[in-house]
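This briefing covers helix packing and a pocket in one structure. Please view the sequence and the model before reading on.

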Amino acid sequence: MSQHAHTATHGAGSQTKTAEKHAQDNAEDLHDEGQNHGSYASYITGFVLSVILTAIPFWLVMHGTLDKNWTIFIVMAAAVVQIVVHMIFFLHMNAKSEAGWSLMALFFTLIIVVIVLAGSLWVMYHLNTNMMPGMEMDGQGPQTSNPAPGGSPDQQGQ
């Protein structure tokens, strides 16, 4: 190999190493700014937490082991925690990323979730308490001895 070709090859190799070093420095700068793109372990952690936070309320509702009020509270708490888990592990929101805007988005999301959950419970409670008298939640309405005016249904057909 000629001296000129060796120098050109060696020079290209050093440029490649310089480009790789520059890319590593930029990658470290991005992570210093708080831009976390997640790792395999963080995705697995988020997935496991999501499965647990889904399985617990499902099991409580299906087996009915707790009082209805406690079950509702635990299901709602698990939902709120699961939203936070998704925002942290999958959307990569933390106090450092995007100059704190992600943290503000987290607080805004939590406020909206609280408003929606509280409003839903308020509406459902008042719908239940303001039902027409005599209507029962077990699927059976008021029992009457004569369901149709003018006699039994068999007599009305004749």
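Which residues line the largest pocket? The lining consists of K68, N69, I72, V75, M76, L121, M124, Y125 and N128. The model is predicted, with pLDDT of at least 70 needed for local features and 80 or more for side-chain atom pairs, while totals for chains, interfaces and linings use all residues. Numbering starts from 1 along each chain as its sequence is written, and side-chain values use heavy atoms, leaving out hydrogens and water.

**Largest pocket**
- A pocket here is an open set of points on a 1 Å grid over the protein atoms alone, where a 1.4 Å probe fits, with protein on both sides within 12 Å along at least five of seven lines; lining residues have an atom within 4 Å of a point.
- The volume of the largest pocket is about 280 Å³, taken as the space filled by probe spheres set on the points.
- Helices α3 and α4 (101–129) each supply at least two lining residues, and α3 gives the most, with 5 residues.
- By class, the lining has 6 nonpolar, 2 polar and 1 charged residues (Ala, Val, Leu, Ile, Met, Phe, Trp, Tyr, Cys and Pro count as nonpolar, Asp, Glu, Lys and Arg as charged, and the others, Gly among them, as polar).

**Helix α2 against helix α3**
- Helices are DSSP runs (H or I, at least four residues) numbered from the N terminus.
- Helix α2 (residues 40–63) packs with helix α3 (residues 68–90) at an angle of about 170°, their axes lying 9 Å apart; axes are lines fitted to C-alpha atoms over the stretch in contact, and angles run from 0 to 180 degrees between N-to-C directions.
- The two helices α2 and α3 are therefore roughly antiparallel (angles over 145 degrees).
- Their crossing is left-handed, meaning that the near helix is turned anticlockwise from the far one by less than a right angle.
- Contact means heavy atoms within 4.5 Å; residues of α2 including Y43, F47 and L53 meet residues of α3 including I74, A78 and F89.
- This contact of α2 with α3 has 14 nonpolar, 8 polar and no charged residues.

**Helix α3 against helix α4**
- Helices α3 and α4 pack at an angle of about 160°, with axes 11 Å apart, and are therefore roughly antiparallel.
- The crossing of α3 and α4 is right-handed.
- I72, M76, V80, I83, V84 and M87 in α3 meet residues of α4, among them A105, L110 and L121.
- The contact of α3 with α4 divides into 12 nonpolar, 1 polar and no charged residues.

Methods
Angles under 35 degrees count as roughly parallel, over 145 as roughly antiparallel, 65 to 115 as roughly perpendicular and the rest as oblique.
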